[in-house]
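Look at the sequence and the structure shown here.

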Amino acid sequence: MAALDDVSLDVAPGEFVSIIGPSGCGKSTLLRSIAGLERVDAGAILIGDRDVRHLSPSAREVAFVFQSYALYPHLTCRQNLAAPLVMREMSALGRARFLGRLVPGASRRRASIAERVARIAGQLQIEGLLDRRPDQLSGGQRQRVALGRALIREPKLFLLDEPLANLDAALRNTTRAELHALQRRVGATTLFVTHDQAEAMAISDRIAIMFDGKLRQIGTPDQLYRHPADLDVARFLSQPWLNVIPAHVLAEALAGGLGGGMAATRDAALRQAGSVVAFRPEHASIHRPKDRVQGLGVEIVRAEHAGADANLFVRLPSDGTQCVVRIASAEIMGWQPGARALLRFDPEAAWIFPLQDASADVAVPRAAGAV
Amino acid sequence: MVAVPDTALHALPDATHNGEGRAGMMLAAPAAVLLFVLLFLPSCGVLVMSLTDYQFGMPSFDVVGLANYKAMLADPRVRNSFYNTALYVGTVAPVSIALGLLLAILIEAQVRFRGLFRAVFFLPVTATLVAMATAWEVMLHPSFGLVNTVLSELGFARQRFLTDPDIALWSLAAIGVWKLVGYNTLLFIAGMSTIPRDLYEAASIDGAEGGWGRFALVTWPLLAPVTLFVTTITLIRAFSEFETVAVLTHGGPNGATDMMLYTLFEEAFKYFDIGLASAIAVTFLGFVGALSILKVGYFDRRVHYV
């Protein structure tokens with residue numbers, strides 16, 4: 001089985017593109033293939049107009065930030081930042097500690113490298129850390145040094161493999177904002193791999209979403225959110241999950257006179273056995289039976305507090321399908337487990353997907369049948 | 001007003017602390033006693049004996065101070081043996097360490113016969129050296145030995161490897177390297193397998209794709225703790241070389257392969273000069289101890305980065 005299968009991705013200069021998907025979907029493999037760390041069996045990788053597929057990693061003019069940062073533990077931050085420059089611009093003899101002084105031009109090159117290290121350290125505000133070794137730094141500081149080591153070469157392409165995954169939650173949010181600002185300032189074309197969809201939504205120009213080694217959809221965060229190409233994509237971009245009700249269950253409920261006001265969804269597609277109706281928790285609402293609104297009869301299972309919001313989990317009595325509704329956390333006490341309620345959702349923001357969705361189009365944002 | 005009970009809560013942590021301490025001491029006691037009885041006491045005994053004129057089998061002895069050490073330093077045999085030991089260690093240790101590292105890199109660089117090579121080079125470590133020394137004796141025999149047969153076939157003169165005073169020590173050194181290099185190779189291989197792969201990947205993106213650059217940027221610095229350990233253990237093992245001397249040359253010809261431990265053995269159990277032998281033993285312990293202390297106390301702090 002191929003780790004990457006027919007993946008086509010076109011990134012504009014200066015663009016910030018995130019690659020997201022579940023673990024093992026091939027997003028890291030894609031990034032590593034572009035960097036030259038994995039062998040590619042077929043296809044082309046173009047950076048600018050140059051096919052780099054047969055070039056060594058260092059000749060591709062890409063920079064890579066590892067999840068583990070991969071800083072050289074025996075070198076100070078200054079030496080870590082300088083390493084890419086030293087390795088490319090100085091000969092093996094010139095790098096030597098004492099003999100290096102004898103090589104013509106070595107001291108001039110050293111000075112030029114030192115100047116660029118100072119500049120990048122200033123940009124990332126790590127001047128004070130330059131003489132420390134990585135083990136004397138916090139996670140966030142290491143991350144900055146790793147970014148600096150990537151930036152210092154002024155690469156054509158900036159590849160980030162889950163660079164924020166090892167930071168704690170609070171730091172992650174500030175760092176991602178800084179990362180975005182930095183990318184805008186430097187203007188480097190960036191591919192950013194993450195498994196955190198919120199992170200990708202927050203800072204990307206476009207998002208590519210992958211499943212099983214295939215690219216399912218690529219588009220702006222808004223396109224992906226409003227027009228997911230298939231059920232997997234919609235599921236991946238929903239918190240805590242996507243509500244999926246089999247169409248026939250909904251059709252039966254409607255036929256039973258429970259949802260007269262939802263006649264808009266009373267469509268031929270709804271009675272197709274193999275399709276599902278999907279909607280996000282934030283597009284659903286919950287009502288008391290005495291409110292006399294039309295909706296699906298449900299039973300409250302439990303509520304989860306999430307700060308300003310809360311997630312209310314409910315169950316359809318007919319087949320036990322679990323749904324989740326976003327409510328204001330102030331209302332949480334009003335909904336006790338076991339209570340009966342009516343579930344409504346915004347038909348404008350719901351989709352109908354075929355249940356088996358293996359044959360999804362790639363990369364084309366297909367407006368899913370909005371009802 | 002709030003009444004705070006000030007008894008139980010204060011007493012409790014102390015009690016558990018003491019209890020834990022006692023349990024810890026009891027658990028450590030068997031090992032500590034064994035160490036004391038088997039290592040510390042005999043070493044002290046040797047130290048005391050090195051200050052006396054005790055002869056094996058004699059009913060009494062006198063304290064003679066540092067006389068044994070003076071005699072040791074003046075004894076031409078001991079001086080010759082120390083010189084040989086220094087020469088032997090100075091050759092065997094660097095060669096077996098460098099060769100071990102080289103073999104480790106070569107073995108890890110290829111895939112197909114990795115397991116086979118590891119086993120082949122590790123074999124001398126598992127073999128009984130006395131038996132192996134006999135095999136070497138046959139190999140190096142002046143008239144029918146394999147090495148000499150090959151030499152004469154190639155048109156070189158036959159050598160008396162173990163009986164020529166100019167060659168014998170180097171023959172033993174070669175066997176010493178053969179004996180130590182497998183262990184060192186294995187340690188280096190183990191050390192290399194702990195180097196994170198993403199460091200090599202980072203190096204290849206930074207421009208150190210292979211060869212010397214990659215070795216100098218990642219492999220060598222990250223192997224430093226292993227290299228230090230290998231160096232210490234190889235030095236100690238080379239210092240304590242005994243079997244090959246005892247089996248192959250008996251220190252001969254004419255003292256050319258006499259080494260520290262063999263001299264110690266002969267002075268103690270052939271000439272029964274326990275005082276002199278003890279002085280040699282203490283000197284030997286001093287060398288080995290100094291190496292170990294240097295490793296733990298000084299270098300360890302400089303080569304561990306993480």
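The radius of gyration is taken over C-alpha atoms, and the globule rule is 2.2 Å times the number of residues to the power 0.38. The model is predicted.

**Chain B**

For 306 residues, a compact globule would have a radius of gyration near 19 Å. Chain B has 26 Å. Its C-alpha atoms fill a box of roughly 105 × 75 × 30 Å, taken along the principal axes.

What is chain B built from? It has twelve helices and zero strands. Read along the sequence, its pattern is α-α-α-α-α-α-α-α-α-α-α-α. Buried residues make up 31% of the 306 residues in chain B. Now take the contacts in chain B with a separation of 6 or more: 70% of them join residues 24 or more positions apart.

Helix H8 of chain B covers residues 197–206, and helix H9 of chain B covers residues 211–239. Their axes come within 10 Å. They cross at roughly 140°, and the crossing of H8(B) and H9(B) is right-handed. The table shows which residues make the contact.

| Helix | Residues in the contact |
|---|---|
| H8(B) | Leu199(B), Tyr200(B), Ala203(B) |
| H9(B) | Arg214(B), Leu217(B), Val218(B) |

By class, this contact of H8(B) with H9(B) has five nonpolar residues, no polar residues and one charged residue.

**Where the chains meet**

The contact between the chains takes 21 residues from chain A and 18 residues from chain B. On the side of chain A that touches chain B, the elements giving two or more residues are strand S4 (62–65) and helix H2 (77–89) of chain A. Which of the elements gives the most to this side? H2(A) does, with four residues. By class, this side of chain A has 14 nonpolar, four polar and three charged residues.

**The core**

In soluble globular proteins, nonpolar side chains tend to be buried together. Here, the largest nonpolar core has 154 residues. Those with the most contacts inside the core are Ile19(A), Phe64(A), Leu159(A), Ala278(A), Val325(A), Leu343(A) and Ile280(B).

Take Leu343(A) as an example. Which residues does Leu343(A) touch, not counting residues up to four places away in sequence? They are Ala284(A), Ile286(A), Gly295(A), Leu296(A), Val298(A), Val314(A), Cys323(A) and Val325(A). One of these, Val325(A), is also among the core residues with the most contacts.

How values were computed. Residues numbered from 1 in each chain as written. Chains lettered and ligands numbered in written order. Predicted model: local features only at pLDDT ≥ 70, side-chain atom pairs only at ≥ 80, totals over all residues. Buried ≥ 20, exposed ≤ 12 C-beta atoms within 10 Å, placed from the backbone. Contact = placed C-beta atoms within 7 Å. Nonpolar A, V, L, I, M, F, W, Y, C, P; charged D, E, K, R; others polar. Core = buried A, V, L, I, M, F, W, Y, C linked by C-beta atoms within 7 Å. Axes fitted to C-alpha atoms, helices over the stretch in contact; angles between N-to-C directions. Left-handed = near helix turned anticlockwise from the far one by under 90°.
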